[in-house]
Amino acid sequence: QVQLVESGGGSVQAGGSLRLSCAASGFIFSISAMGWYRQAPGKQRELVADFTRAGTVNYADSVKGRFGISRDNGEKKLYLQMNSLKPEDTGVYYCHVKLPPNWVRAYWGQGTQVTVSS
């Protein structure tokens, strides 16, 4: 059964850094398409960064140059390194995966809270 467990969130001052982790199980990690989404209070959930099926990386314009996504296929973990954090980065961050062959079903972790104070 697919399971995604996020960790690493917390409270940090503007300009600080956090590293989020997503521990994955229940699927073939190396051929999945995975990424990070976030949802700020009162706002729609949005893509932060992801690995596509082709292996390329997408970043939201608001985080380019500050965030870095990476994956460890051996440990079956997805990471998000967040630097130069801003108050507008505050929200719940979710790990997300789509699976072959049809890439239709989407799976989500339960999220980890990130709070950035000014």
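**Disulfide and aromatic contacts**

In this predicted model, a disulfide joins Cys22 to Cys95, with an S to S distance of 2.1 Å, and the structure holds 1 disulfide in total. The link of Cys22 and Cys95 is left-handed, with -80° about the S-S bond. Because Cys22 belongs to strand β3 (residues 18-25) and Cys95 to strand β9 (residues 91-98), the pair ties together parts that are 73 residues apart in sequence. Cys22 is buried, at a relative accessible area of 0%, and Cys95 is likewise buried, with a value of 0%.

Aromatic pairs number 3 in the structure. Among them, the rings of Phe27 and Phe29 have centres 6.3 Å apart and planes at 25°, and the pair is therefore stacked; both Phe27 and Phe29 are buried. For Tyr94 and Trp108, the ring centres lie 6.4 Å apart with the planes at 90°, so that this pair is edge-to-face. The pair of Tyr94, in strand β9, and Trp108, in strand β10 (residues 106-108), links distant parts of the chain, 14 residues apart. Tyr94 counts as buried at 12% relative accessibility, whereas Trp108, with a relative accessible area of 35%, is partly exposed. Tyr94 and Trp108 also belong, together with Tyr37, to a cluster linked by ring pairs.

Charged side chains are also placed over aromatic rings. The charged end of Lys76 sits over the ring of Phe27, 6.0 Å from its centre, and Phe27 is also a member of the stacked pair with Phe29. Arg71 lies over the face of Phe51, at 5.5 Å from the ring centre.

Notes. Residues are numbered from 1 along each chain as its sequence is written. This is a predicted model: local features need pLDDT of at least 70, side-chain atom pairs count only at pLDDT 80 or more; totals for chains, interfaces and linings use all residues. Side-chain values use heavy atoms; hydrogens and water are left out. A disulfide is a pair of cysteine sulfur atoms within 2.5 Å. Helices (H or I, at least four residues) and strands (E, at least two) are DSSP runs, numbered from the N terminus. Buried means under 20% relative accessible area, exposed over 50%, partly exposed in between (1.4 Å probe, protein chains only). Rings of Phe, Tyr and Trp (its six-membered ring) pair if their centres lie within 6.5 Å; planes under 30 degrees apart count as stacked, over 60 as edge-to-face and the rest as tilted. A charge sits over a ring if NZ of Lys or CZ of Arg is within 6 Å of the ring centre and within 35 degrees of the ring normal.
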